[in-house]
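I opened a new notebook page for this structure. My plan is to go from the whole chain down to single residues.

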Amino acid sequence: MANVTDLQTKYSKLAQEYSKLRAQNQVLKKAVVDEQASSLSLKEQLKQRDQSLRKQEQEMDSLSFRNQQLAKRVELLQEELAVSEAKGKKGKSKGDSPSQHGLETQSVFDEDLQKKIEENERLHIQFYEADEQHRRQEAELKSRLQELEKDSEQHQAVVDGLTTKYMDTIERLQSDKARLEVKTQTLEREAKECRMRTEECQQQLRRCQSELNRQVKQSSSVIQEKVPFNDTSEYLAPSHLKARDVAGQALNFIQDLVAALLNFHSYTEQRVHIYPLDSSIEPISPLNQKFSQYLHENAAYVRPLEDSFLQLHQSITEDTVTVLETVVKLKNFADNFSSYTHFLQKILPYQLKSLEEECEAPLCTAALTAKNQELQSDTKKVTSVFEKLQNYINILALPSVRQDALPQSSTSAVFTQLAACLHSLHDAIKEMSKHYNQKASLEQELPTVTQKLSTTSECLLGSLGSLTSSTGKIATFFSNNLDFFTSSAYSPRGSTVTLNPLQAESMLANKKKAAAYINAIKKVQQSQEKIARLEQEKEHWLLEAQLGKVRLEKENQRIADLESQLAAALGGSPNPQAAAASTLGVLSFFSCSSHVADEESREQLIKTHYMARVGELTTQLQISDSKAVHFHSECRALAKRLAIAEKSRETLSEEVKLANQNITRLQDELATTKRSYEDQLSMMSDHLCSMNETLSKQREEIDTLKLGSKGNAKKNKGR
């Protein structure tokens, strides 16, 4: 319980840290998105600047080409001007008309040259302004790029810190998981030892039971011969103790089977997440994801088997009649077993396809493929055997729902087929365990096998071993008790007609009431006889005591009278002989008179004693009547209190049952929460890896942009 508390504390702390990191992760996501948007905008701006720069370079090239053409034309014009001036000087004498024509041509050339010069100056000014604007934009982009690099370094530092923290947490959880697995294996070994001791104790119990049965038979024969009241002359009594003992043994085997099934499905789910693809590195296939989801629900189908059979065992008591028609809780167990069989049918195609995916793995050898095919066959066989078991159990549960649904002649055949089916289940699971063991040995030879896969395979083999042992014990137990299951619980002596279970229950209840009544009557008779004997002795001795007291008083009085007469006679008569004679006469007279008086006083004393005794008995009778009325009212109050206590006991039993169900549910939720945390941590690790890749891509793009901007700047400076 302390380990569960520590795990809950650890996972609550981990959940708090995860919520904090999740909030920080959201902030980082937003910052990364903002930076990506700003990076995209900067890329667009750079692209536009490059386009404008290329356009301006093209314009510069065209302007330089135009300037060269204009320069050549100016040179040609200057040469023509020089030639025309020379010709003008030579032809001054010829007249004024050619000079005038030359001047006009000169003025036209001058105007054209002036326009070209102005246009060239304007183009130089535009080029200078465009160059200055480009330099300013380049400086702004460089400063912005430096700021983005600083922000990226800060984000990278935060991401590295979170990655380190996540890796530490994952390593700590993995170490805790390994420690718990070691502890689980230790507990399994202890459980195996306890099972061995339990088997030894069961063997001793069987020997004791056989000895007790022998003693019971002997005692029954003695009771039939010696006990005057015997109501077993018509019907045979049911073996309640045997039925309850068999149900208790079956409950222990069912509990072992449930534990083995839970471990088998849980370790199968872990293996699906590890092989052929590790979910912590890359996502598994959708088929295995669905298979894992179904396997995660195994507790909802397996645990009701134990709970329903526990209710069945609790319903079998010494005060009930145990036959198929009266065991109502068997229907609940049959329904839960049908639900589990449907669960096996639902996961069967996914299990077969998962084994096919393992065969399609790159490193799967031919031997592994053969073992996977054998395991597919074993899985189908186990599922079919469970379906057969479901049919037989449903048939046995029918009489509790509808009487005469199963003839008595067919019951033994159903139990026999059920025993054979249990042996088939043991053989099928034994074959599956052998093939899994061979498959694990072949997987150990692969170069890509991990420690996680090896540990999971060992745990899976351990669960299969427990499953094989539990099914074997169930099959052996059922075969050993097959005679008890197939024997009729109630039947009249010398007849083959089956007794109605309701009549048998009434007979059992009446028998117990009659036995209790006879015992009570015997005790009351013995007590009454003892009380009467003691009362007689008491009356006798009281009367004797009173008579003795009266005789003592009379003797004392008589002796005193005789002494006084003797003294008077001796003192008043001188003749001793005459005194003696007179004394003898007086004594004889007194003796006669005392005898008559004794008889009269005796009768009077007896009469007085019995009258006083009648008064005492009358008083005691009145007191007893009042006490009886008081006790009757108290008994009624106690009966009411007993009924209330029974109701409260039933309520508390339901509350305890609900509390146990809540404990089971909380344990399942704890396991589910643990698995979800592991899945979330793996998802966060994958997300961090994708973020690292994204940031590295952005850093490469930024470096590319920096190199491109530096190359453009050098090119512009060279021009």
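**Entry 1: the chain as a whole.** I started with burial. The chain has 719 residues, and 28% of them are buried. I note here that I am working with a predicted model.

Next I looked up secondary structure. I found 12 helices and zero strands. Read from the N terminus, the order is α-α-α-α-α-α-α-α-α-α-α-α.

Then I checked sequence separation in the contacts. I took contacts between residues at least 6 apart in sequence, and 88% of these join residues at least 24 apart.

**Entry 2: H5 against H6.** H5 covers residues 299-315 and H6 covers residues 329-359. The two pack at an angle of about 165°, and their axes lie 8 Å apart. An angle over 145 degrees counts as roughly antiparallel, so that is how H5 runs relative to H6. I also looked up the handedness: H5 crosses H6 in the left-handed sense.

Which residues of H5 and H6 meet? On the H5 side I listed Tyr 301, Val 302, Pro 304, Leu 305, Ser 308, Phe 309, Gln 311, Leu 312 and Ser 315. On the H6 side I listed Lys 329, Leu 330, Asn 332, Phe 333, Asn 336, Phe 337, Ser 339, Tyr 340, Phe 343 and Lys 346. I sorted the residues of this contact by type: 11 are nonpolar, six polar and two charged.

**Entry 3: Ala 334.** I stayed in helix H6, where Ala 334 sits. Is Ala 334 buried or exposed? Its relative accessibility is 1%, and the cut-off for buried is under 20%, so Ala 334 counts as buried.

What does Ala 334 touch, apart from neighbours within four places in sequence? I found Ile 393, Asn 394 and Ala 397. I followed up on Ile 393. Ala 334 and Ile 393 are 59 residues apart along the chain. Their C-alpha atoms are separated by 5.8 Å.

**Entry 4: cysteines.** I searched the whole structure for disulfides and found zero. I then looked up the accessibility of two cysteines. Cys 421 has 5% relative accessibility and counts as buried. Cys 459 has a relative accessible area of 7%, and Cys 459 is buried as well.

Methods. Residues are numbered from 1 along each chain as its sequence is written. This is a predicted model: local features need pLDDT of at least 70, side-chain atom pairs count only at pLDDT 80 or more; totals for chains, interfaces and linings use all residues. Side-chain values use heavy atoms; hydrogens and water are left out. Axes are lines fitted to C-alpha atoms, for helices over the stretch in contact, and angles run from 0 to 180 degrees between N-to-C directions. Helices (H or I, at least four residues) and strands (E, at least two) are DSSP runs, numbered from the N terminus. Angles under 35 degrees count as roughly parallel, over 145 as roughly antiparallel, 65 to 115 as roughly perpendicular and the rest as oblique. A crossing is left-handed if the near helix is turned anticlockwise from the far one by less than a right angle, and right-handed if clockwise. Contact means heavy atoms within 4.5 Å. Ala, Val, Leu, Ile, Met, Phe, Trp, Tyr, Cys and Pro count as nonpolar, Asp, Glu, Lys and Arg as charged, and the others, Gly among them, as polar. A disulfide is a pair of cysteine sulfur atoms within 2.5 Å. Buried means under 20% relative accessible area, exposed over 50%, partly exposed in between (1.4 Å probe, protein chains only).
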